[in-house]
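These are my notebook entries from a first look around a structure. I wrote them for anyone who is meeting it for the first time, so please read along.

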Amino acid sequence: MRQRVKSMSNHRGKIAGLFICILLLASGFISLYTRRLRAFAFIKELNVLRESTPATTNDLDDKLNFGARPHVQTQTSWNAPIMWELMFDNNLYDRKHKEANTTVALTVFAVGRYLEAYLKTFLTSAEEHFMLGLPVTYFVFTDLPEQVPEITLAPQRNIIIVKVEKHTRWQDISMMRMKTISEVIDTVLQHKFTYVFCFDVDQIFKGRFGSEALGESVALLHAHYYKLPKYRFTYDRNPESKAYMTEGDYYYHAAIFGGTCEKVKALADYCYVNIMEDKLKNVEALWHDESHLNKYFWLNKPTKLLSPEYCWDEYISNTEDILVKRLVWAPKDYEKLRTR
């Protein structure tokens, strides 16, 4: 009798285990199905949908005049161009990208007080200077979608507002954007856009930020470090962090990065995975996602670098290299803006 009870108990355990497996599989299927439905609904919102797949990227960098700026570095050791004023033909780049039907997605996060302080100026200035003549869709990620200001957009320009969670600390807001960027590329952007550029919101466009900036994998030289010796670069020096570096090529600024959807997703995935691995060890990189971005670009060389003309801090007094200020840092009051 005892043996029979034990047998029945084992039988019930197997049935319960099988039932749990079925529930988990069903839950996973429903989650995946729901995600696909959300992605489909998200895609339908876009007013710039194209039936065809995104055009192939345009490589015009063999037309660059690397000798036009003899007093600054115009090419890396791995032959990637560093884009400065006078090196390129605006009209040639614009014409070729229009012929290729190039489309651009711009992502920007405006969470908490950053929305009111910066978003309207960022978007209105982008409409005056960013990728003019090309189809552009702004993806605004915010915890306050109802407060996103109305912006007058030119033809072929669109805005999509996506609600995101507001994290307790500003450092987490900065780091967790990588996960969101990866997800939106996976569900939407890779199907409809040739390139994606990711910006910090506390910046103002002042001059042309055009198609010459587009490339497979694009990094930005930090305005405060591009002239300094490498030993002064503020890489993460903690061996416990996944962002740890002992050497590097340049110091890159995470305020702007871009490229093809595939390359930007690879960067975002790399940063997010390593941020989470650090969190498991209760470690935080010195400059958060920027430290991980620098590690990524050390291991995976960018194919194009933007000079500090593309993101300048007007508090820097020496402007001898800066012929055009294409984008500038907005004034910052971190005590009022940042969540602690």
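**Entry: the cores.** I looked up the largest nonpolar core and found 86 residues in it. A nonpolar core here is a set of buried Ala, Val, Leu, Ile, Met, Phe, Trp, Tyr and Cys residues joined through side-chain atoms within 4.5 Å. Buried means under 20% relative accessible area, exposed means over 50%, and partly exposed lies in between (1.4 Å probe, protein chains only). F130, M131, L189, F197, F199 and F209 touch the most other members of this core. The helix that gives the most to this core is α3 (residues 113-129), with 7 residues. I also noted a second, separate core of 5 residues, with Y225, F233, Y235 and M245 among them. As background, nonpolar side chains tend to be buried together in soluble globular proteins.

**Entry: what I am reading from.** The model is predicted, with local features needing pLDDT of at least 70 and side-chain atom pairs counting only at pLDDT 80 or more, while totals for chains, interfaces and linings use all residues. Residues are numbered from 1 along each chain as its sequence is written, and side-chain values use heavy atoms, leaving out hydrogens and water.

**Entry: F209.** Which residues is F209 in contact with, leaving aside its neighbours within four places in sequence? I listed H129, F130, M131, F197, F199, I256, L306, Y310 and R326. Contact means heavy atoms within 4.5 Å.

**Entry: the whole chain.** I counted 7 helices and 10 strands in the protein chain. These are DSSP runs numbered from the N terminus: helices are H or I with at least four residues, strands are E with at least two. Of the 340 residues in the protein chain, 50% are buried. I then took the contacts between residues at least 6 apart in sequence, and 76% of them join residues at least 24 apart.

**Entry: two positive phi values.** M131 is not a glycine, yet its phi is positive, about 50°. M131 sits in the loop between α3 and β3 (136-142) and is buried, with a relative accessible area of 1%. N79 also has a positive phi, near 70°. Its loop runs between α1 (2-45) and β1 (82-83). Is N79 buried or exposed? N79 is exposed, at a relative accessible area of 55%.

**Entry: α5 and α6.** The axes of α5 (residues 261-280) and α6 (residues 289-299) come within 9 Å and cross at roughly 125°. That makes α5 oblique to α6. On the α5 side, the residues that meet α6 include K263, L267, Y270 and I275, and their partners in α6 include H292, L293, Y296 and F297. By class, this contact of α5 with α6 has 9 nonpolar, 2 polar and 4 charged residues. I also checked α6 by itself: 9 of its 11 residues are buried, so α6 is largely enclosed by the rest of the structure.

**Entry: I161.** My last stop was I161, in strand β4 (residues 157-163). I161 is partly exposed, with a relative accessible area of 37%. Not counting residues up to four places away in sequence, I161 touches V140, T142, P145 and V148. I161 and V148 are 13 residues apart in sequence and 8.0 Å apart in space, C-alpha to C-alpha.

How values were computed:
Axes are lines fitted to C-alpha atoms, for helices over the stretch in contact, and angles run from 0 to 180 degrees between N-to-C directions. Angles under 35 degrees count as roughly parallel, over 145 as roughly antiparallel, 65 to 115 as roughly perpendicular and the rest as oblique. Ala, Val, Leu, Ile, Met, Phe, Trp, Tyr, Cys and Pro count as nonpolar, Asp, Glu, Lys and Arg as charged, and the others, Gly among them, as polar.
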